[in-house]
Amino acid sequence: MSKVRAYTNIALIKYWGKSDLNWNLPTSSSIGLTLDRFYTETAVEIDQFLKKDYFQLNGKQIEGPRISKIINFIRNLSGNENFVKVISENHVPTSAGLASSASAFAALAKAASQAFDLELDDRELSKIARIGSGSASRSIFGGFSIWHKGQNNNDSFAESILNPVDFDIRVIDILADKRIKKISSSEGMQLAQTSLNYSDWLKKNDNQISEMLRAISDHDLEKIGLIAEDNSLSMHELNRTAKIPFDYFTDNTRQIIAKVNELYRKGTLAFATVDAGPNVKVITNSEYQEKIINSLKDYGEILIQRPGRGISNV
């Protein structure tokens with residue numbers, strides 16, 4: 001049996017759209033930071049007596065088309081036709097914009113590969129994780145990573161930018177809403193691509209990839225935060241200009257962002273970013289984290305995260 005732990009990551013430059021639904025190829029590259037608090041542990045065991053694959057999540061048997069897709073891909077790669085038992089414990093609020101699928105499919109990719117005796121490097125694992133969830137490709141790596149959009153299944157992969165992270169950065173999660181979001185990320189992306197502003201957004205995203213790489217190389221936290229905040233707000237604006245407009249933001253989301261912006265104007269390094277969901281994450285450092293927590297503690301449960309490590313056996 002192979003058992004692996006993977007952590008969630010926060011997208012600093014987000015991807016929001018797919019060019020190939022079958023291989024889960026994105027329309028843009030993205031940059032993420034793996035964090036240290038939320039994670040998934042997945043065990044995969046080959047069982048020659050099983051008549052079909054068995055999947056269990058948090059103690060309950062589930063059907064998982066995306067899990068099957070990864071298992072079938074690995075099974076074909078290995079030439080071993082046996083079925084498997086997959087037992088997964090997800091220590092992440094599910095479908096609330098907290099990247100639960102990122103850690104889940106990153107852990108599955110490595111655990112299943114090892115169970116089938118495949119010796120794959122992290123780049124190859126990132127391609128397999130991507131089949132289940134695009135952001136999972138980045139959770140293969142610790143610290144900062146980039147997922148190159150590529151043109152096909154072979155050249156769309158993630159790789160490390162900086163790990164371990166050798167400067168002070170914190171991400172503060174304000175869990176104001178743990179409910180499952182009404183529009184899934186996959187559905188939201190497809191809707192967003194109907195926005196008349198979509199092609200302009202892609203060009204801006206490409207420029208921000210280069211800017212973010214320079215900011216990380218320079219250890220410039222303020223630049224990292226400003227780019228990430230602008231990138232996030234631009235992504236969510238796309239949703240509001242889709243042919244069928246939608247919005248992940250709630251009143252709480254807007255109030256928290258306004259509060260974070262006010263803190264920045266008064267000299268605090270605080271920058272808001274929001275993935276596909278209503279919950280805000282604040283990028284800052286250890287110097288300002290307590291001030292930010294005191295300002296936002298009434299909005300919901302608060303968690304402080306640091307840069308995390310990549311996938312590992314447990």
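Lysine 203 lies in helix α6, residues 198-217 (helices, H or I with at least four residues, and strands, E with at least two, are DSSP runs numbered from the N terminus). The structure is a predicted model, in which local features need pLDDT of at least 70, side-chain atom pairs count only at pLDDT 80 or more, and totals for chains, interfaces and linings use all residues. Residues are numbered from 1 along each chain as its sequence is written, and side-chain values use heavy atoms, with hydrogens and water left out. Lysine 203 is exposed, at a relative accessible area of 54% (buried means under 20%, exposed over 50%, and partly exposed in between, with a 1.4 Å probe and protein chains only). Between lysine 203 and serine 28 the C-alpha to C-alpha distance is 9.0 Å, although 175 residues separate them in sequence.

Salt bridges were counted next. Side chains of opposite charge can pair when their charged atoms come close. With a salt bridge taken as a side-chain nitrogen of Lys or Arg within 4 Å of a carboxyl oxygen of Asp or Glu, the count comes to 13. In one of them, glutamate 159 pairs with arginine 123, and the closest N and O atoms are 3.6 Å apart. This pair links distant parts of the chain, since glutamate 159 belongs to strand β9 (residues 158-162) and arginine 123 to helix α3 (residues 122-132), 36 residues apart. Glutamate 159 is partly exposed at 28% relative accessibility, and arginine 123 is partly exposed at 38%.

Aspartate 275 forms a salt bridge with lysine 281, with 3.7 Å between the closest N and O atoms. Aspartate 275 is buried, with a relative accessible area of 13%, and lysine 281 is buried at 5%. A further salt bridge joins aspartate 247 and arginine 254, whose closest N and O atoms are 2.7 Å apart. Aspartate 247 has a relative accessible area of 31% and is partly exposed; arginine 254, at 39%, is also partly exposed. Both residues take part in a network of salt bridges that links Glu237, Arg240, Asp247 and Arg254.

Arginine 240 also has an aromatic contact: its charged end sits over the ring of phenylalanine 249, 4.6 Å from the ring centre (NZ of Lys or CZ of Arg within 6 Å of the ring centre and within 35 degrees of the ring normal). Arginine 5 likewise lies over the face of tyrosine 39, at 3.9 Å from the ring centre.

Eight aromatic pairs are present in the structure. Rings of Phe, Tyr and Trp (its six-membered ring) pair if their centres lie within 6.5 Å; planes under 30 degrees apart count as stacked, over 60 as edge-to-face and the rest as tilted. The ring centres of tyrosine 264 and phenylalanine 271 are 5.1 Å apart and the planes stand at 50°, so this pair is tilted. Tyrosine 264 is partly exposed at 27% relative accessible area, whereas phenylalanine 271 is buried at 0%. Trp16, Phe246 and Tyr248 are linked by ring pairs into a cluster.

Backbone geometry was examined last. Most residues other than glycine have a negative phi, and most peptide bonds are trans. The peptide bond from asparagine 163 to proline 164 is cis, with omega near 5°, and proline 164 is placed in the loop between β9 and β10 (170-175). Asparagine 24, not a glycine, has a positive phi of about 60°. Asparagine 24 lies in the loop between β2 (18-20) and β3 (25-26) and is buried at 5% relative accessibility. Asparagine 58 also has a positive phi, of about 50°, and is found in the loop between β5 (54-57) and β6 (60-62). Asparagine 58 is partly exposed, with a relative accessible area of 37%.
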